[in-house]
Structures are given as C-alpha cells and as structure tokens.
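Subject: Structure handover

Hello,

Here is the structure we discussed, with its sequence. My notes on it follow below.

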Amino acid sequence: MSSDTGKRNAAREALKFVEEGSILGVGTGSTVNHFIDMLASEGPSIRGAVSSSDASTDRMRKLGIEILDLNSTGDLDLYVDGADESNRLLQLIKGGGGALTREKIVAGASKRFICIADHSKLVRALGEFPLPVEVIPMARSFVARQLKGLGGVPHWREGVTTDNGNQIIDVAGLTISEPIKLEDRINAIPGVVTVGLFARRGADVLLLGDENGVERLDRR
Ligand SMILES: O=C(CO)[C@H](O)[C@H](O)COP(=O)(O)O
C-alpha cells in the first residue's frame, strides 16, 4: 500500500542533496509535488528548475521557483523524480503520470538522479505495474500489435494526451527479466516515442520512505 507519509519522508530527505544556487531537474507526480512544496518552503534557494511536465511547471511557478529551458542550461547536476516501481538495481518503471518522455530527457541530461518513493514501490522484478509507452497517435494500433507480440496486454489510456500531444499505451503482463533489452526493443518500434522503462539510465540513489523514516539504496 502506498503511503503519503512515506512519500513526504522521501521528499524531505531529497532536500539534503540540493545545493544552494544550483539548477535542478524536477520530475512529476504526487511524491515530487511534496518535494516541490518543501523546496519552496524550507529548501535551499536555487537558481531555477528544469521541469519534466506542465503540471510541475505550474506548481513551481505558483511557488516562485523560476523555470529554465534545458536548451539553455547545459547538463544538470541533479534530477529529483518519483517512480512507479524500482528494482534493487535502481532500474525503474515510470510514466504513471504520463510525463515519461520529458522525464527521460531530463534524467538523461542530469549527472545524478535521486529517485524518491514510498517503500511499496520497491519490487523484486519490474512489471507488476503496467508499463507505459508514449506513442505517436497514428501509430497506436500498430504499436499495440507489436507489444502483444512481445507477450504484453496493451491498454490504451483513453482520453489522455501527453504534454507532447501524444497518446499512452499501458502494457500489462510483461515478464521483464532483462530490462535494458526490453527498453531497447520497445524503443525500436516505429511510432514509439518513449517507453517508461528507465533501465539504461536508472536512478543513482533511491530514497524509500515509510511511516518510520527513509531507506537509502545506491546504484552499484
Ligand atoms: O513517472 C511518473 C510520472 O510520469 C511518476 O514519477 C510516477 O508515476 C510516480 O508518481 P507518484 O509519486 O504520484 O507515486
């Protein structure tokens, strides 16, 4: 069971990684929302943030955090984001909130990725959470057939349009025994914009909160 106190505890711990005057990459989701609120109220003062979604941009702007364009910042020192699942290698499933493509871009452009989550997100093997795949709208049915061919059960997240104007397919039933191979394989399907497997670029540090505190795992 997901716990809001766990999310808050993980978010608060992540503040310790933020340096005064830095430019921060900021992810999307309810855990990150706690982080944004805490950053604005009790965190060090930063130069600005590169945001991974319109939702996070709106929240940060309302709290007075300046939003910067990744095209003008260069690489970032730190990215803070949540996850839907993590294994012990800190490979992740992300995209439950639909922001996977921009999240993958900002994670890729950051030297260090701190993932914050409540403790229930730690799993032995990835794949219980349906894997989100962002697709170009005209390719949706074609990509769905390809995903079926990989053994998955694709489900169109109907009514959802991503910040990039695309659609999302959630794929249940996949056996993800080799996350990097599957990430490459799905990304190679024409029409796929991004798969929500963050295996090639997983997290560097995972902060898992629960009612009692925070467990830290580091990428080996
Ligand atoms: O990948 C994401 C959004 O695209 C989120 O990080 C993920 O869905 C976790 O969200 P939450 O913190 O609300 O549990």
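How many bridges join strand β5 to β11, and in which sense do the two strands run? Two bridges link β5 (residues 92-93) with β11, and the strands are antiparallel. Please keep in mind that this is a predicted model. Within that pairing, Leu92 has Phe198 of β11 as its bridge partner. The two strands belong to an open sheet of three, ordered β4-β5-β11, with antiparallel pairing. β4 (85-86) and β11 (197-198) are the edge strands; each has a single partner, so one side of each is left without a neighbour in the sheet.

Another open sheet has six strands in the order β2-β1-β3-β6-β12-β13, and its pairing is mixed. Its edges are β2 (48-51) and β13 (214-218), and because each pairs with a single strand, one side of each lacks a neighbour in the sheet. On average, neighbouring strands here are turned by 25° against each other, direction ignored. Strand β1 (residues 23-26) pairs with β2 in the parallel sense through four bridges. In this pairing, Ile23 is opposite Gly48 of β2.

Two helices to look at on this sheet are α3 and α5. α3 packs against the sheet, where it touches β1 and β2, and its direction makes about 160° with that of β2. α5 also packs on the sheet, touching β1, β2, β3 (76-81) and β6 (110-118). The direction of α5 makes about 145° with that of β3.

α3 (residues 54-62) has a helix partner too: its axis and that of α2 come within 10 Å and cross at roughly 20°. An angle under 35 degrees counts as roughly parallel, so α2 is roughly parallel to α3. The crossing of α2 past α3 is right-handed. On the α2 side the contact is made by Val32, Asn33 and Ile36, and on the α3 side by Ser56, Arg59 and Met60. By class, the residues of this contact are three nonpolar, two polar and one charged.

Last, the ligand. There are 17 residues around the ligand, of which Gly29, Thr31, Gly82, Gly96 and Gly97 come nearest. The elements that contribute two or more residues to this shell are α2 (30-42) and α5 (100-108). The shell divides into three nonpolar, ten polar and four charged residues.

Regards

Note on methods: Residues numbered from 1 in each chain as written. Predicted model: local features only at pLDDT ≥ 70, side-chain atom pairs only at ≥ 80, totals over all residues. Near = placed C-beta within 6 Å. Nonpolar A, V, L, I, M, F, W, Y, C, P; charged D, E, K, R; others polar. Pairing = 2+ DSSP bridges. Axes fitted to C-alpha atoms, helices over the stretch in contact; angles between N-to-C directions. Parallel < 35°, antiparallel > 145°, perpendicular 65-115°, else oblique. Left-handed = near helix turned anticlockwise from the far one by under 90°. Contact = placed C-beta atoms within 7 Å.
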